[in-house]
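Take a look at the protein below. This short report visits a few of its parts in turn.

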Amino acid sequence: ASSPPRARVFVACLPFSAHVYAEGFYRMDERAWVEGHVRAFADFGGSTPLIAPDNLKTGVVRNTIDKLIVNEQYRRMLEYHGSAAVPTRVRRPRGKGGVEGAVLIVEREAIAALRDRTFFSLAELNQALRERVDAINARPFQRREGSRDEMLLGQACLQPLPQAPYELVERKSATVQFNYHVAFDGRYYSVPFTHIRRSVEVVATRSTVTISSDGERLCQHQRSHGPKGTYVTDPAHMPRAH
């Protein structure tokens with residue numbers, strides 16, 4: 001029997017209120033990194049002007065004295081929320097003491113408390129994790145008045161969230177196959193058959209797949225999340241003799 005998939009936990013916090021957000025993901029890729037931020041902002045009820053992330057490659061391409069290069073998808077998401085990344089110095093954890101403390105709290109009081117439970121889906125794990133983190137945020141502080149939840153309500157520096165949630169955009173160059181379909185993410189999307197063998201650009205969000213050529217949009221499909229190998233075909237794209 002194959003071993004069960006492992007989950008990694010994304011943790012974010014607001015240093016002033018110490019309010020914590022945590023969510024499990026199967027992967028530590030660009031999509032998980034961006035979606036973790038988007039859902040953390042939603043949980044906080046706003047975004048912040050500056051973000052101090054780790055120097056992981058999914059977020060920060062290069063961080064030296066001379067140059068800072070942030071992952072393009074990550075930069076777009078932050079700009080959409082009116083934020084900018086100011087990564088901590090490499091191997092200097094004191095630059096992000098707030099979130100380091102939040103990670104320890106989540107490890108000790110949430111993850112450790114769930115270690116003997118069996119979860120049958122990521123959603124089930126995240127529901128249990130959410131209940132634990134909610135309890136942490138609601139608990140009164142030991143050395144000052146209030147709780148993380150109460151301090152969050154008074155965090156005036158939060159910026160309003162955009163009206164529509166950010167959608168991660170994926171781009172890929174492709175060639176239209178002989179069967180007038182383009183391969184993307186293991187699925188196949190049709191284009192008008194007159195474009196067979198042409199180079200096209202595929203732009204995809206979680207909900208749509210748009211295919212363009214030379215700056216002209218050829219078509220747009222609802223994105224398939226079905227099994228690999230699924231074909232999404234518009235009958236209007238088919239030749240009469242098909």
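In which strand is the place of Glu201? Glu201 sits in strand 10, which covers residues 199–204. The model is predicted.

Is Glu201 buried, partly exposed or exposed? Its relative accessibility is 35%, so Glu201 counts as partly exposed. Glu201 touches Arg171, Lys172, Thr210, Ile211 and Ser212, leaving aside residues up to four places away in sequence. Ser173 is 28 residues from Glu201 in sequence, yet their C-alpha atoms are 4.6 Å apart in space.

Next comes helix 1. Helix 1 spans residues 30–44 and has 15 residues. From first C-alpha to last, helix 1 reaches 21 Å, close to the 21 Å expected at 1.5 Å a residue. Gly45 follows helix 1, with a positive phi near 85°.

Why is helix 1 described as largely enclosed by the rest of the structure? Because 11 of its 15 residues are buried. Among them are Trp33, Glu35, His37 and Phe41. The buried residues of helix 1 pack against these elements:

| Element | Residues |
|---|---|
| Strand 1 | 8–14 |
| Strand 2 | 19–25 |
| Strand 3 | 50–51 |
| Helix 2 | 72–80 |
| Helix 4 | 122–138 |
| Helix 5 | 148–153 |

Now the second largest pocket. Its space is about 570 Å³. It is lined by 20 residues, and the closest to its centre are Arg27, Asp29, Arg31, Glu35 and Arg206. Helix 1 gives the largest share of the lining, five residues. Strand 2, helix 1 and helix 4 each supply at least two. By class, the lining has 12 charged, five nonpolar and three polar residues.

Technical notes: Residues are numbered from 1 along each chain as its sequence is written. This is a predicted model: local features need pLDDT of at least 70, side-chain atom pairs count only at pLDDT 80 or more; totals for chains, interfaces and linings use all residues. Side-chain values use heavy atoms; hydrogens and water are left out. Helices (H or I, at least four residues) and strands (E, at least two) are DSSP runs, numbered from the N terminus. Buried means under 20% relative accessible area, exposed over 50%, partly exposed in between (1.4 Å probe, protein chains only). Contact means heavy atoms within 4.5 Å. The expected span of a helix is 1.5 Å times one less than its number of residues. On a 1 Å grid over the protein atoms alone, a cavity is a set of points where a 1.4 Å probe fits but cannot get out, and a pocket is an open set with protein on both sides within 12 Å along at least five of seven lines; lining residues have an atom within 4 Å of a point. Grid points are joined across faces, edges and corners, and a volume is the space filled by probe spheres set on the points. Ala, Val, Leu, Ile, Met, Phe, Trp, Tyr, Cys and Pro count as nonpolar, Asp, Glu, Lys and Arg as charged, and the others, Gly among them, as polar.
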